[in-house]
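Here's a quick briefing to read with the model open in your viewer. Have a look around first, then go through the points below.

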Amino acid sequence: MNDWTNLWPVYFESIGQTLWMVVATLVLGGILGLALGVLLYTTRRGGLLENRALFTVLNVLVNFVRPIPFIIFMTAIAPLTQAVLGTFLGTPAAIFPMTIAATFGISRIVEQNLVTIEPGVIEAARAMGSSPWRIITTLLIPEALGPLILGYAFIFVAIVDLSAIAGSIGGGGLGNFAISYGYQRYNWAVTWLAVITIVILVQVAQFLGNWLARKALRR
């Protein structure tokens with residue numbers, strides 16, 4: 001039987017580790033994914049920065065990385081993580097592959113939302129002499145802001161899932177808590193505590209995402 005007096009500190013530490021992994025990955029992967037998604041959209045045929053060679057390389061790269069199951073991806077790039085961070089174990093080391101995986105996932109969501117923007121609006125801006133950078137920052141991203149926020153809320157849920165997987169193989173967080181103190185010790189109460197905590201985190205994030213998206217769509 002596990003001693004809950006000793007488990008509660010581990011549980012709260014695990015929540016902190018999960019939040020650190022998720023927030024850091026969402027910020028870093030969100031910025032990089034946004035940049036990559038905009039590049040995918042603007043370099044495609046007929047785009048603001050049409051460049052078929054660059055688009056093909058980026059498109060193939062995204063399609064190559066995205067289908068790889070994260071647990072395999074994380075272990076496959078462990079030598080790279082070791083080279084960059086000096087270790088492939090622990091919470092900081094988990095954030096590195098999580099950020100890479102999130103970047104490619106977010107880039108496709110960004111691209112798909114930008115594609116829905118009416119081309120005529122972009123052509124009108126170009127006819128008025130707006131630079132590509134100005135069109136991207138003052139037209140494309142603001143026009144797609146509502147759907148992008150919903151997309152990022154969806155990605156938050158996916159990143160929580162990644163953090164649980166990372167935790168199960170040495171990354172810390174609620175995944176490690178559920179496996180090490182629940183599954184491996186046959187204490188299902190611990191496992192379900194981790195599950196309920198993750199569900200609450202996801203529900204709060206989804207509620208916040210929906211609220212922000214409604215705000216953006218009503219502006």
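Contact here means heavy atoms within 4.5 Å. Keep in mind that this is a predicted model. What you're looking at is a protein with ten helices and zero strands, and 42% of its 219 residues are buried.

**Overall layout**
- Going along the sequence, the pattern reads α-α-α-α-α-α-α-α-α-α.
- Taken along the principal axes, the C-alpha atoms of the protein fill a box of roughly 70 × 40 × 25 Å.
- If you take the contacts with a separation of 6 or more, 73% of them are between residues 24 or more positions apart.

- An unreviewed UniProt entry puts the feature "transmembrane region" at residues 20–41, 53–77, 83–106, 144–169 and 189–213.
- In the model, the stretch 20–41 is 100% helix and 0% strand, with its end C-alpha atoms 31 Å apart.
- For residues 83–106 the figures are 79% helix and 0% strand, and there the end C-alpha atoms sit 25 Å apart.

**How α4 meets α5**
- Helix α4 covers residues 78–85 and helix α5 covers residues 91–115; their axes come within 10 Å and cross at roughly 120 degrees.
- Angles of 65 to 115 degrees count as roughly perpendicular and those over 145 as roughly antiparallel, so at roughly 120 degrees the pair α4 and α5 is classed as oblique.
- The crossing of α4 past α5 is right-handed.
- On the α4 side, the contact is made by Leu80, Thr81, Val84 and Leu85, while α5 brings in Pro92, Ala93, Phe96 and Pro97.
- Sorted by type, the residues of this α4–α5 contact come out as seven nonpolar, one polar and no charged.

- Which helix holds serine 107? Serine 107 is in α5.
- Is serine 107 buried or exposed? Its relative accessibility is 0%, and buried means under 20%, so serine 107 counts as buried.
- Leaving out residues up to four places away in sequence, serine 107 touches Gly33, Leu36, Gly37, Leu40 and Val62.
- To follow this in the viewer, select serine 107 and then the partners it touches, including Gly33 and Val62.

Key
Residues numbered from 1 in each chain as written. Predicted model: local features only at pLDDT ≥ 70, side-chain atom pairs only at ≥ 80, totals over all residues. Heavy atoms only, no water. Axes fitted to C-alpha atoms, helices over the stretch in contact; angles between N-to-C directions. Helix = DSSP H or I, 4+ residues; strand = E, 2+ residues; numbered from the N terminus. Parallel < 35°, antiparallel > 145°, perpendicular 65-115°, else oblique. Left-handed = near helix turned anticlockwise from the far one by under 90°. Nonpolar A, V, L, I, M, F, W, Y, C, P; charged D, E, K, R; others polar. Buried < 20%, exposed > 50% of the residue type's maximum accessible area, 1.4 Å probe, protein only. UniProt positions renumbered as here; feature names shortened; annotations may be inferred.
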